[in-house]
Amino acid sequence: MKNLVFVFIVCISLTACSGNKNKNEKSGSLRAEITAAGATFPQPFYNKVFNDYSTMTGNKLTYGGIGSGGGIRSLKDKVVDFGATDAFLTDEQAAELPAPVVHVPTCLGAVVIAFNLPGITELKMKNEVLASVFLGEIKKWNDPKILADNPGINLPGKDISVVYRSDGSGTTFIFSDYLSKISKSWADKVGTGKSLNWPVGMGAKGNPGVAGIIKQTEGTIGYIGSEYAFAQKIPCVLLQNQAGNFIAPSVESVSAAAQGDIPADTRVMVTNSADPDAYPISAFTWIILYKEQSYNGRKIDQARETVKFLQWLVGPDAQAIARKVDYAPLPEKAVQLANDILKSVTFEGEPLL
Amino acid sequence: MIRSREIFTSDKIAKVILKSASFLVLLLAAGIIFSLLKGSIPAFREFGIFRFIFSSEWNPTEGKEVYGAFPFIFGTVVTSLLALIICFPLSFATSLFISEYFKKTKIAGILSTLVDLLAGIPSIVYGLWGFYTLRPLIVDLGLSEQGYGIFTSSLILAIMIIPYATSLSNEIISMVPNELKEAGYSLGATRLEVIFNVILPVSRSGLVAGYILALGRALGETMAVTMLIGNANLIPKGIFSPGNTMASVIANQFGEADGLKLSALIAIGLLLFVVTAIVNAAGKWIVRRYA
């Protein structure tokens, strides 16, 4: 696995080199080659900003969407400048790495609940109803528990078919983290993870697979990454948040989820946020890098350019791009924390920023 | 003298090339088996070979990890056998049409080309066709509420293996000696009687081998099945319920898998290898026994 990841990184760097060669030779302003790999969830955002920043500065930046697990392994093997992950490292995971790492949140995403009922575009669900549906306890669309929140909507007596991700996914992790927080029986019976032992329903591969089945099949309900659902304009369920409000997923309501108290190291799941305007199934996505950047014979320029790029990434320009590609930008407080974290990154003990 | 020496050396070179080529194939197969075995050791050690094969619990949740391959073995075998059963009347009738009733006519030629063409269609295209056309049809017929499951996958598999079964059957049926058939007719047999009393007994072993090869093909099919079977990691409750197959679970979960789960998936790969090997060996044995 270690070798595979390495070969992959080498490959993407090589492709990147051949692609940008002429441009950089002309401008002559090449300062650093920054390589990163990890989560697929923020990949459309990273691809865009990495590309923009490369053109802007003449640095060569490449990102490989090989999954969060791959991102952590690559950082561990020191074949990338930084990794990207949808789930923050637990203390045990962090201890397995050769040196201390810091987490930098880059944007927020959400998990939305999509459904297919002909003629119905708006549907509301309480927390416990959502959990019961995915546990298979509520079997029909016209169950009194669903009807109670949707007066005036003529729900059919069809069976509910649950659709979930058949592949391991950060989307599943965020969704199950939320369900475990709101439902004790979910936490006991199913739990939290990237792939689960689903009590009912059927699986499909990737966001497109789940969205495809839902679009094609009446009576289905499933969860999809917001970046995909927003881009495809898929109708979503309004969920009840902790404050009791029914909230539609949107860039604003997802950002609002991170307005509450965030620890200084930003390692927190912001699902089930207490903010009254927050969409409840929202989460950060992080970049992870070593706190001490002098390792493996890295040059100080390389380290400085890496940190500078990350500073730009959490800054207003890049965050505006995030919104354009359907991710929720970091709220002000999170940007402040991210900047503080970047300032704590050192090279031979000296801060880089 | 010189000429014969030249022939001798070229013969030697050919021998070396052939030997090394076949050795390379052998090495590849051995390498595959070795890495499958090595990768599956952690899963077998954790659960025991017997329990891994016959347990139907598949729980990837961290801390509660339990892996059993039975739902996938069951799904693979059931979909493939069902596909074979559905495929048999269709492909047998087609091959009788091509190589007996309308032998060497233009229409038989066109039909046989079309059947061969079916083999060239990528499996993702079959999958998409199944997803957008076949599945809604099954829902409209009222066979199942959502259309995903064992039956739909078997149907698409049957269509996919028809060309393999048909081409082989064509060859074998057309190899039945004319003298035998003529003898049947001269005794006053009807065409149908000749088919069931002459052609079938003579070509039986070849036909069986052909269908077993088609079965081997169905066992390993991935993409089209993944799109239609529902990918539920449990033993299907009925023929119209969602399930999963060995190839499909590997394709779905390999990407993000690590640790014990990765090992369990590799072990499923090994089991699939074994099942396919058994089926192919059975085919060869039948051919040798009855041919």
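**Figure 1. Helices H6 and H8 of chain B cross in a right-handed sense.** In this predicted model, H6(B) and H8(B) pack with their axes 9 Å apart and at an angle of about 150 degrees. Angles over 145 degrees count as roughly antiparallel, and H6(B) and H8(B) are therefore described as roughly antiparallel to each other. From H6(B), the residues that take part are B:Leu157, B:Ile161, B:Tyr164, B:Ala165, B:Leu168, B:Ser169, B:Ile172 and B:Ile173, and they meet B:Ile199, B:Ser203, B:Gly206, B:Leu207, B:Gly210, B:Tyr211, B:Leu213, B:Ala214, B:Arg217 and B:Ala218 in H8(B). Sorted by class, the contact of H6(B) with H8(B) has 13 nonpolar, four polar and one charged residues.

**Figure 2. Helices H3 and H8 of chain B form a right-handed crossing.** The axes of H3(B), which spans residues 70–101, and H8(B), which spans residues 191–220, come within 10 Å and cross at roughly 140 degrees; H3(B) and H8(B) are therefore oblique to each other. On the H3(B) side the contact is made by B:Thr76, B:Ser80, B:Ala83, B:Leu84, B:Cys87, B:Phe88, B:Leu96 and B:Glu100, while H8(B) contributes B:Ile195, B:Ile199, B:Tyr211, B:Ala214, B:Leu215, B:Ala218 and B:Leu219. The contact of H3(B) with H8(B) comprises 12 nonpolar, two polar and one charged residues.

**Figure 3. Helices H4 and H6 of chain B cross in a left-handed sense.** H4(B), residues 106–119, packs against H6(B), residues 150–174, at an angle of about 140 degrees, and their axes are 8 Å apart, which makes H4(B) oblique to H6(B). The H4(B) residues B:Ser112, B:Val115, B:Asp116, B:Leu118 and B:Ala119 meet B:Ile162, B:Pro163, B:Tyr164, B:Thr166, B:Ser167 and B:Asn170 of H6(B). This contact of H4(B) with H6(B) divides into six nonpolar, four polar and one charged residues. As context for these helix pairs, chain B has 11 helices and two strands, and its C-alpha atoms fill a box of roughly 75 × 70 × 30 Å along the principal axes.

**Figure 4. An open sheet of eight strands in chain A has mixed pairing.** The strands of this chain A sheet are arranged in the order E2-E1-E3-E11-E4-E8-E6-E7. Strand E2 (60–65) and strand E7 of chain A stand at the edges with a single partner strand each, so one side of each is left without a neighbour in the sheet. From one strand to the next, the twist averages 25 degrees. Within the sheet, E4(A) and strand E8 (residues 220–225) of chain A run antiparallel and are joined by five bridges, and A:Val112 stands opposite A:Ile224 in E8(A).

Figure 5. E5(A) runs parallel to strand E9 (residues 237–240) of chain A, and three bridges join them. A:Met125 is placed opposite A:Leu239 in E9(A).

**Figure 6. Domain 1 and domain 2 of chain A have C-alpha centres that lie 30 Å apart.** The domain assignment of chain A gives domain 1 as 2–108 + 284–351 and domain 2 as 110–282. The contact takes 22 residues from domain 1 of chain A and 21 residues from domain 2 of chain A. On the side of domain 1 that touches domain 2, strand E4 (101–115) and helix H14 (332–343) of chain A each supply at least two residues, and the largest share, four residues, comes from H14(A). The residues of this side of domain 1 divide into 16 nonpolar, two polar and four charged.

**Figure 7. The contact between chains A and B takes 22 residues from chain A and 21 residues from chain B.** Strand E7 (residues 202–204) of chain A provides the largest share of the side of chain A that touches chain B, namely three residues. By class, this side of chain A has four nonpolar, 14 polar and four charged residues.

Conventions
Residues numbered from 1 in each chain as written. Chains lettered and ligands numbered in written order. Predicted model: local features only at pLDDT ≥ 70, side-chain atom pairs only at ≥ 80, totals over all residues. Domains from an automatic or database assignment. Contact = placed C-beta atoms within 7 Å. Nonpolar A, V, L, I, M, F, W, Y, C, P; charged D, E, K, R; others polar. Pairing = 2+ DSSP bridges. Axes fitted to C-alpha atoms, helices over the stretch in contact; angles between N-to-C directions. Parallel < 35°, antiparallel > 145°, perpendicular 65-115°, else oblique. Left-handed = near helix turned anticlockwise from the far one by under 90°.
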